[in-house]
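Biologist: I would be grateful for a close look at a single part of this model, the sheet. Please describe how it is put together, and then follow the contacts that lead from it to the rest of the chain.

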Amino acid sequence: MKTQSEAISEGYNVDLSGPGRPMGARGKYPNFEVIPLLTDMEAELLNTLGLIRKLLIEGAPTQDDQEGVVLAIDGLLSVARV
């Protein structure tokens, strides 16, 4: 699945108005393509998990790496509490 910004950069029109999963569409009726998109929260969660995975694989993180992961987790938590 693509993020909303990836879909927009690839020429999709993004619809966030309805309930449920955001969708991206491009083309003209009757020949158009519709794809499901990640929500902002899902994209942030995947990014944070990727950072944590990288730290675990590479061993002892530097102070900058630790701060980056903490900031990513804080950002995710702030979105979740809205």
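Modeller: In this predicted model, three strands form an open sheet in the order 1-2-3, and their pairing is antiparallel. The edges are taken by strand 1 (13-15) and strand 3 (31-36); each has a single partner strand, so one side of each is left without a neighbour in the sheet. From one strand to the next, the twist averages 25 degrees. As a general point, the strands of a sheet pair through backbone hydrogen bonds, in either a parallel or an antiparallel manner.

The pairing of strand 2 (residues 23-28) with strand 3 is antiparallel and runs over six bridges. Lys28 faces Asn31 in strand 3, while Ala25 has Val34 of strand 3 as its bridge partner.

Glu33 and Arg26 form a salt bridge, with 3.3 Å between the closest N and O atoms. Glu33 has a relative accessibility of 35% and therefore counts as partly exposed. Arg26, with a relative accessible area of 31%, is likewise partly exposed, because that class covers values between the 20% limit for buried and the 50% limit for exposed.

The count of salt bridges in the model comes to three. Another of them joins Arg21 to Glu42, whose closest N and O atoms are 2.8 Å apart. This pair links distant parts of the chain: Arg21 belongs to the loop between strand 1 and strand 2, Glu42 belongs to helix 2, and the two are 21 residues apart. Arg21 is partly exposed, its relative accessible area being 33%. Glu42 also counts as partly exposed, at 26% relative accessibility.

After helix 2 comes Gly59, which has a positive phi, near 90 degrees.

Helix 2 also contains Lys54, a partly exposed residue with a relative accessible area of 45%. Between Lys54 and Asp65 there are 9.6 Å in space, taken from C-alpha to C-alpha, and the two residues are 11 apart in sequence.

There remains the salt bridge between the side chains of Glu10 and Lys2, with an N to O distance of 3.0 Å. Glu10 counts as partly exposed, at 37% relative accessibility. Lys2 is partly exposed as well, with a relative accessible area of 26%.

To return to the part requested, the sheet is open and antiparallel, and strand 2 and strand 3 are paired over six bridges. The salt bridge of Glu33 with Arg26 and the link from the loop between strand 1 and strand 2 to helix 2 complete the description.

How values were computed. Residues are numbered from 1 along each chain as its sequence is written. This is a predicted model: local features need pLDDT of at least 70, side-chain atom pairs count only at pLDDT 80 or more; totals for chains, interfaces and linings use all residues. Side-chain values use heavy atoms; hydrogens and water are left out. Helices (H or I, at least four residues) and strands (E, at least two) are DSSP runs, numbered from the N terminus. Two strands pair if DSSP finds at least two bridges between them. Axes are lines fitted to C-alpha atoms, for helices over the stretch in contact, and angles run from 0 to 180 degrees between N-to-C directions. A salt bridge is a side-chain nitrogen of Lys or Arg within 4 Å of a carboxyl oxygen of Asp or Glu. Buried means under 20% relative accessible area, exposed over 50%, partly exposed in between (1.4 Å probe, protein chains only).
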